Every structure is written in structure tokens, then in C-alpha cells.
Amino acid sequence: MKNKLYLLAGLTILMGFTSCEDFLQKDPLSSPSQSVFWQKKSDFDSALAGCYSIFYSVPGEMSQTIACFDNLTDNSICQHDEETYGKSKTIALGDLTPNTSGFVTNMYAHCYQGIARVQILLENLEKYSGTDMSDSDRKFIVAQCKALRGYFYSWLYLCYKEVPLVTEVLNTDNMYREKSSRPELYQQIMKDYDEAIDQLPDKLYSDEETSGRFTVSTVKALKARILLNDAYDEKGNATDKEKLKEVVSLLESISGYSLAKSMRDNFIRDNQLTSPEIMFSVRYLKPNILNSIDLYYGSWGTNMVSRNLVDEFECTDGQKWGESPLTEKINEELLLQGSTPEATEERAKLFKNRDPRLVQTITHSDKLIFPDAGFENVSQTSSTQTDFGMVKLVQPTKELIGYSTISDQDVIILRYAEVLLMIAEAENELNGPTQKVYNAVNAVRKRSQMPELPKGLSQDDMRERIRHEWRVEFAFEGHRYFQLKRWKLMEKLVNGLVDPALPTYKKVFKPEFYYWPIPQGEIDKANGVLTQDPNYL
């Protein structure tokens, strides 16, 4: 609660201290000027909360709309072509240019706004000589700033090929910056993460001091994400063995976390604060810090779930749907007749004898079905064209979901299941399907009452099993897009993909799309110093 109160203050206080692009902006009357700010420890606490408040920036590409990244993959299709959802429908159809808005412009702007806030805080902290701040307080704030800066640059690193590297407060003398190389960006991310790991107290995310903040374990896992990404070469082969070794070593040093009783438990607001699995999240709290998750995904059907994803979930015997003897026979023609009772009943057959995560993730009709709560909700007023909708992120409720719905469930950024699957992936690429790999994957499967993997799998077979677990366990958590890019599978699995319900909708992915263009607006105001990615000239 304390951190959420600081966040409310930080949202106001740092309104005038946003980014290099508006360094001449006047402070709003509701915000103190820098001449009277930075006078006591509580000012720095509020400033740190202001740095974290970037996660809440509208439309929320680092929080409430992170699920829309899946619209760029084989998991789902964006039903509404709006800025709010990252323009994911536009991008998926191949319209990715320097003038594309949504994800392309917002991620760039918000990351640099966050970096600017961090720099301002660090600069003022270095000058601060107040006696109300202990050495441990100062160390904690610095470590949080390093972790935040590393996190913001991680997003930029994964989304854009080369961007400016800024580690100081910008002014009229140094505001124009050239792009830095990928090795330079990588080194800065690693440096920030390493320094944060060294300085943060080794406490769990659920502890009062670190609740809602980065912890040692959080930063280790975030660092492992970048290491794992960079272990793969341009052909999608995991060739950097040293990085893979570091991933395994780093993640095995994490302790104190375990899997929740069910995957879905992590997304039910009443269970989130006590979940043993959540390692980092974007925190929300009624009545002031709210999101539109229930509205976007529950009522408006923003993510039209693909049949391709539905088919990915195994039957309860651990065999593929369609190959398992537990597969229910389906009348495919009837299945495509929209939201008629007969078609809905036919689609329901797809959900019989399946991995429990299927019903915890997807609904098969224009109703929201909450298996964990034992009831249905008719709020999905915007029936999707694929006739499959998302239920994973939506809160169980019998009330009509609409504009007046107040949602404050947290957005999960990191959970322990990811640690297990990163260990499995890295270890398998290093040494093949060792017992360590089996233990990690089976822990995730057994949590959802799925049978253990068969013994004697080859390295290639295990690789496919691990990628299957990634997909069904983490659907709509923003991972799939970056994983397919890491494995260089976007062309194979996404380009030209057609859903049976939308035969004229074909996704387009070109080789240059592995990295986004720098937003044209940033190029225009950079006085000729910042140049565009050559792939987009």
C-alpha cells in the first residue's frame, strides 16, 4: 500500500520532469518546481514512484495492453485497429513504417521519458546532503534507478535495432544524440542490471520494503531474458554457449519463489498479493490507479484468439489434439457458422479433454466462461470474428462489463514459471534434454495436471516441447512475439497465416520487421543527428 501511495504522489510531482523532448516544459501548478523539490527523503521516494509511473503511461504498452503484442503473432488477431491497442492490426498486416503509430511511437517515447526521469533523480540524489537519508536508503534508490534504466533500455533493445544511449540529463547543449551500436546498448543494460543486483537487498517481491519494486531476483530474471535473447544468432540457432551458461547459473541462484496452485491464480486480483509465483508486476489500486483490462479483453474482444492457438493445447493424456484418442470429432463447417447455438456447442467440443490451461485462457463463445469461479458472464458484447475470445486476464464477475467497469488487477510482468522455462530452454540448448530440463518443464506441466514429458526425447524434440510450453503457459503475457523473433520463426509461423474464420486476413512479416523503425517524429526533431534504420529509408 505504501508504494501505491508514493506512486500517486509521484504521478503528480514528476509531470514536469518527463523527457528530453520537453525539457523546456513549464511545471504545472500542481507540481513543485525543482528549486523547492529534492529537499527531503520523501521527495526522492516520490520521484522514484514517478519513475515507476511510466509503466502506467497510456495506452500501456508496458502494462495493460502488453497482451496486444500477441496480435502480431500466431496467437491472436487485433479486432480494433486503434492506437490504444498498439496499432497491432496495422503492423500485423505489414504496414510498418517510420510513420506507424501505436507501439512504434509509444514504446520509444515512454522508454526515454522513463530514462530521463531516472537521470534527473540520480543527478539530484548525488547532490543531496540531507541527514534524513541513510546510506542504505540512498543505495536502495540508486539500485532501483539502475534497474529501471536497464529495464527501459531492454525494451528499446528488443524493439529497435539501434537507438541513442543516454546516461545523463539532457539540455540544450547535449540534447541531440546519435544512435549507439547494439553492443554498446547491451553493455549498458548488463552494467545497470549487474550494479542493481549488487546493491539491492535480497528480499522477496512480496516483502513490504520491496513490494511493487525491483528485487535482486527480479533483476536476475530480467537480465537472463536479454542474455537468452542474445544467445541466438541471425539464423535462430543458440550458438553463444557462454551466455546460455550464464542464464542457467543466474536463474538457479534465485530462491524463495514457487508456482502458484494454478496458472490462472496469478491473474485473479484477490490472489495476486499472496501469490508465491509473481516476481514483478505493475500494481493497480482502486479508486485512483485503474486499468481497462476487463473492458478491452472481456467486453470488446480486442484479441481475437486464433484457432491455431486453440489447437496448440494438448489433450489431457499429453498428446496433440487431433492425434490423441481423446480428441472429440468436430464438424468444421458447423464450427464456422458464427455465434449460433449449434456452432457454439460444436466449438465447446474443442475444449473437452484438454489441457486445463485452455479454459483458463480462452472462451469458445460470445460469453466469458470462468471455470475457476463456476459461472458465465454475457459481457463479451463484441463477439470476435474468430468466435474465440480471451478469458485469462479478465476478472471473474457476473456484472456487465462496460465503460463504468472499475478494474485494478495487477499486470504480471514476471513470474517464476518463466524462470523455470528459461532454465529449460538454455540448458537444453547447452547440454540437451538433461534431468534439469525435464524437472523444470515437468514442474510447469504438473501444476496444470498435465502428464510429465516422455523419457528419451532428443534435443530437437525437447526444444519443440519447451516452445509448446512457452506458448500455452504464457499466452497473452507479451512473450510470444519476442520469442518468435529470437528463434527467427516469424516468417515461418506468422507470415501469410490465415485463420479459418478470416480467410482474407493474411498477416505479413518482412525480414526488416525484426526491428522497428525509429519514429519519424524523433528523426524530424533531431537536427539531422539521429538517422533512420537503413531498412526503412
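Colleague: Which side chain does K243 pair with in a polar contact?
Modeller: The side chain of K243 makes a polar contact with that of D240, at 2.9 Å. A polar contact is a pair of N or O atoms within 3.5 Å; within protein, one must be able to donate a hydrogen and the other to accept it, and residues adjacent in sequence count only if both atoms are side-chain atoms. This is a predicted model, where local features need pLDDT of at least 70, side-chain atom pairs count only at pLDDT 80 or more, and totals for chains, interfaces and linings use all residues. Residues are numbered from 1 along each chain as its sequence is written, and side-chain values use heavy atoms, with hydrogens and water left out.

Colleague: Is K243 buried or exposed?
Modeller: K243 has a relative accessible area of 18%, so it counts as buried. Buried means under 20% relative accessible area, exposed over 50%, and partly exposed in between, with a 1.4 Å probe and protein chains only.

Colleague: Where is K243, and what does K243 touch?
Modeller: K243 sits in helix α8, residues 241-252. Helices (H or I, at least four residues) and strands (E, at least two) are DSSP runs numbered from the N terminus. Not counting residues up to four places away in sequence, K243 touches Y186, L227, D230 and A231. Contact means heavy atoms within 4.5 Å.

Colleague: Which side chain makes a polar contact with D230?
Modeller: That of Y157, at 2.6 Å. Y157 belongs to helix α5 and is buried, because its relative accessibility is 3%. Leaving aside neighbours within four places in sequence, the contacts of Y157 are R182, L185, Y186, I189, I226, N229, D230 and Y515.

Colleague: What about α5 as a whole, how much of it is buried?
Modeller: 20 of its 25 residues are buried, so α5 is largely enclosed by the rest of the structure. Helix α5 covers residues 135-159, and at 1.5 Å a residue it should span 36 Å; its end C-alpha atoms are 36 Å apart, which agrees. The expected span is 1.5 Å times one less than the number of residues.

Colleague: What lines the largest cavity?
Modeller: It has 22 lining residues, and L158, R225, E418, H479 and F482 lie nearest its centre. α7 gives the most, with five residues.

Colleague: And the largest pocket, how much space is in there?
Modeller: About 600 Å³. Of its 21 lining residues, E312, K320, E464, R465 and H468 are the closest to its centre. α17 gives the most to that lining, with five residues.

Colleague: How does the pocket lining divide by class?
Modeller: Five nonpolar, four polar and 12 charged. Ala, Val, Leu, Ile, Met, Phe, Trp, Tyr, Cys and Pro count as nonpolar, Asp, Glu, Lys and Arg as charged, and the others, Gly among them, as polar.

Terms used:
1 Å grid on protein atoms, 1.4 Å probe; cavity = no way out; pocket = protein on both sides within 12 Å on 5 of 7 lines; lining within 4 Å. Points joined across faces, edges and corners; volume = space filled by probe spheres on them.
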